[in-house]
Amino acid sequence: MENEANRFSPGTCPRLIVKVGSALLVSHEGEVHTDWVETLVADIAGRAQAGQQVAIVSSGAIALGARRLALPGGGRNSLEDAQAAAATGQIALAHMWSDLLSARGMTAAQVLVTLDDLEDRRRYLNASATLGRLLGLGVIPIINENDTVATERIRFGDNDRLAARIGQASDASGVILLSDIDGLYDSNPHTNPDATLIPVVETIDGEIEAMADRKSSSGMGSGGMVSKIEAARIATAAGIDLAIISGHGPHALARFTHTGHGTVFVGEGHPTARKAWIAGGLTSGGTIRVDEGAAKALRAGNSLLSAGATAVEGNFARGDIVEIVSTKGRRIARGLCEYDSAAARLIIGKRTDELTEILGHAPRAALVHRNHMALV
């Protein structure tokens with residue numbers, strides 16, 4: 001069987017995003033697992049010497065800061081505690097990465113982002129340009145959500161999805177999620193000794209989602225396998241391969257290169273940068289439900305016409321991103337709506353030749369045009 005880790009090798013993956021979680025970086029007592037991190041940095045140095053550009057999405061700031069501030073509950077008892085812990089811990093986290101990378105002859109850069117930085121198109125392009133320049137200079141960006149200013153409502157909430165979104169913004173070819181489990185299983189491996197690892201996922205469908213819903217992870221809840229599947233959806237929609245591998249033990253990246261052990265989600269084609277941004281977004285202005293005929297037409301590459309829409313939910317302006325879902329609520333696409341929500345509600349279910357009379361002006365060609373839409 002072909003070693004799927006080859007998809008992430010320097011020869012086939014010029015630019016790679018590596019996500020490292022808090023549990024791998026920091027002990028329950030708030031101490032950095034320095035020896036482990038040193039082996040990871042050694043692996044990254046080898047990849048950099050082979051010509052691969054690498055960025056690291058690193059958790060751990062809140063855990064480190066909570067220890068330094070002696071905050072209860074790991075700094076997560078309140079939003080204010082989490083923000084204070086993040087502000088304190090981020091300095092320690094950046095210092096740690098900078099020192100260890102410098103010891104291997106590499107330069108680190110700190111990049112803190114919020115959800116809005118990657119959901120707003122202009123700010124997304126600014127972040128993309130900065131990441132591209134840093135990577136082009138051979139710098140290792142250390143990226144984290146800016147928890148100091150993030151709120152419970154406006155945030156990524158997990159670094160799995162952040163890593164996938166950074167993969168899009170940086171034009172990466174691969175994303176590796178270092179986890180406390182070695183991949184996606186068909187059932188919970190902690191309770192079922194016969195659980196089988198899924199080595200390759202070509203398409204993320206209902207069956208794959210159900211495996212995550214059955215908590216095929218280490219019990220981390222919504223921040224566990226569910227978030228990793230969502231990260232894989234974001235990455236693969238942009239044509240980026242994503243791997244979930246075990247981070248336990250030294251030299252996790254080198255071990256993956258040698259064994260290929262893990263789950264690899266295969267990127268789907270090469271969409272335009274704009275469509276990748278639309279597909280990977282985590283927020284939307286509202287939802288448009290469509291009938292089965294419209295759903296089939298969308299999957300065939302057609303625009304969404306008003307006749308195929310059955311309901312409009314939420315309040316949004318023209319040009320806002322909306323979710324397009326089936327009558328049963330299954331996501332089909334995301335796109336920029338050509339009408340605001342009030343006008344959209346007036347014309348759903350109506351034929352194009354009826355719209356001028358309803359709206360009082362010439363209608364636009366589609367409710368959501370295919371050029372401004374991405375299937376998900």
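These are my notebook entries on the fold and overall dimensions of one chain, taken from a predicted model.

Entry 1, overall size. I looked up the extent of the C-alpha trace first, and along the principal axes of the chain it spans about 70 × 50 × 45 Å. I then checked the radius of gyration, which is 22 Å; a compact globule of 376 residues would have one near 21 Å, so the chain agrees with that expectation.

I list 14 helices and 13 strands for the chain.

I traced an open sheet of 8 strands with mixed pairing, and its order reads β3-β4-β2-β1-β5-β7-β8-β6. At the edges I find β3 (108-113) and β6 (200-201); each has a single partner strand, so one side of each lacks a neighbour in the sheet.

I looked at how β7 (residues 241-246) meets β8 (residues 263-265): the two run antiparallel and are joined by 3 bridges. For I244 I recorded T263 in β8 as the bridge partner. I also found helix α9 (residues 225-237) packed on the sheet, where the helix touches β1 (15-20), β5 (174-179), β7 and β8. The direction of α9 makes about 155 degrees with that of β7.

Terms used
Residues numbered from 1 in each chain as written. Predicted model: local features only at pLDDT ≥ 70, side-chain atom pairs only at ≥ 80, totals over all residues. Heavy atoms only, no water. Pairing = 2+ DSSP bridges. Helix = DSSP H or I, 4+ residues; strand = E, 2+ residues; numbered from the N terminus. Contact = heavy atoms within 4.5 Å. Axes fitted to C-alpha atoms, helices over the stretch in contact; angles between N-to-C directions. Rg over C-alpha atoms; globule rule 2.2 N^0.38 Å.
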